[in-house]
Amino acid sequence: MVNDFANNLCGIWACRDAVLEAVCLADLMREYGVELQATSSGRFTHKARCPLPFHAGNSADGKERTASFCVSANDDFYCFGCSKFGSVIDFVSLMEGIPPEDALVKLARKTGLLGEDGMVDEEKQIGRAHV
């Protein structure tokens with residue numbers, strides 16, 4: 001039982017690259033209700049007010065007046081206000097207050113890389129890795 005869990009946990013982390021390839025950060029952010037603006041400034045493709053729940057803006061009501069949250073063409077993010085950064089996995093982890101492992105499992109299920117039985121679908125992982 002313990003070996004099955006350890007092997008599957010390793011399998012989940014092994015599908016990390018396939019998850020990162022399959023999930024578009026900008027699309028995922030829209031699913032969370034974030035209003036993104038396209039931008040052509042430097043390496044960033046989109047910007048928004050920081051959606052992270054712990055971010056405190058610089059105004060009296062705690063909300064940002066200007067966008068500080070940026071998404072790059074590599075599907076990673078950086079917030080110039082709260083200095084948080086990362087991938088789609090980190091975004092889900094921060095938004096939902098869950099560990100990165102749980103965020104990875106959630107995204108793997110969303111993309112079909114993780115079956116209902118909790119096991120990694122290696123055929124889908126291999127198929128997506130080569131797309």
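In this report, helix axes are lines fitted to C-alpha atoms over the stretch in contact, and the angles between them run from 0 to 180 degrees between N-to-C directions. The structure is a predicted model, in which local features need pLDDT of at least 70 and side-chain atom pairs count only at pLDDT 80 or more, while totals for chains, interfaces and linings use all residues. Residues are numbered from 1 along each chain as its sequence is written, and side-chain values use heavy atoms, with hydrogens and water left out.

## Overall make-up

The secondary structure of the protein chain comes to six helices and five strands, where helices (H or I, at least four residues) and strands (E, at least two) are DSSP runs numbered from the N terminus. Read from the N terminus, the elements follow the order α-α-α-β-β-β-β-β-α-α-α. Of the 131 residues of the protein chain, 38% count as buried; buried means under 20% relative accessible area, exposed means over 50%, and partly exposed lies in between, with a 1.4 Å probe and protein chains only. Contact means heavy atoms within 4.5 Å, and among contacts between residues at least 6 apart in sequence, 47% join residues at least 24 apart.

Helix α4 spans residues 88–96, and its buried residues are V88, I89, F91, V92, S93 and M95. The elements that cover these buried residues include the helices α2 (16–22), α3 (25–31) and α5 (100–111), together with the strands β3 (69–72) and β4 (77–79).

At the N-terminal end, α4 is capped by S87, a side-chain oxygen of which lies 3.2 Å from the backbone nitrogen of I89. This pair falls under the definition of a polar contact, that is, a pair of N or O atoms within 3.5 Å of which, within protein, one must be able to donate a hydrogen and the other to accept it, with residues adjacent in sequence counted only if both atoms are side-chain atoms. S87 itself is found in the loop between β5 (85–86) and α4, and S87 counts as buried because its relative accessibility is 9%. Leaving aside neighbours within four places in sequence, S87 is in contact with L20, D75 and F77. Just after α4, G97 takes a positive phi of about 65°.

## How α4 meets α5

The axes of α4 and α5 come within 8 Å and cross at roughly 110°. The two helices α4 and α5 are therefore roughly perpendicular to each other, given that angles under 35 degrees count as roughly parallel, over 145 as roughly antiparallel, 65 to 115 as roughly perpendicular and the rest as oblique. On the α4 side of the contact stand V88, I89, V92, S93 and E96, which meet P100, A103, L104, K106 and L107 in α5. The residues of this contact of α4 with α5 divide into seven nonpolar, one polar and two charged; here Ala, Val, Leu, Ile, Met, Phe, Trp, Tyr, Cys and Pro count as nonpolar, Asp, Glu, Lys and Arg as charged, and the others, Gly among them, as polar.

D102 is found in helix α5, and the C-alpha atoms of D102 and V92, ten residues apart along the chain, are separated by 9.1 Å. R109 also lies in helix α5, and its C-alpha atom is separated by 9.5 Å from that of V19, 90 residues away along the chain.

## Loop residues

Most residues other than glycine have a negative phi. D75, in contrast, has a positive phi near 60° in a residue other than glycine, and the place of D75 is in the loop between β3 and β4. S83 likewise has a positive phi, near 65°, and is found in the loop between β4 and β5.

A67 is found in the loop between β2 (44–48) and β3. Leaving aside neighbours within four places in sequence, A67 is in contact with K47, A48 and R49, and A67 and L36, 31 residues apart in sequence, are 9.2 Å apart in space, C-alpha to C-alpha.

| Residue | Relative accessibility |
|---|---|
| D75 | 22% |
| A67 | 34% |
| D102 | 41% |
| S83 | 43% |
| R109 | 45% |
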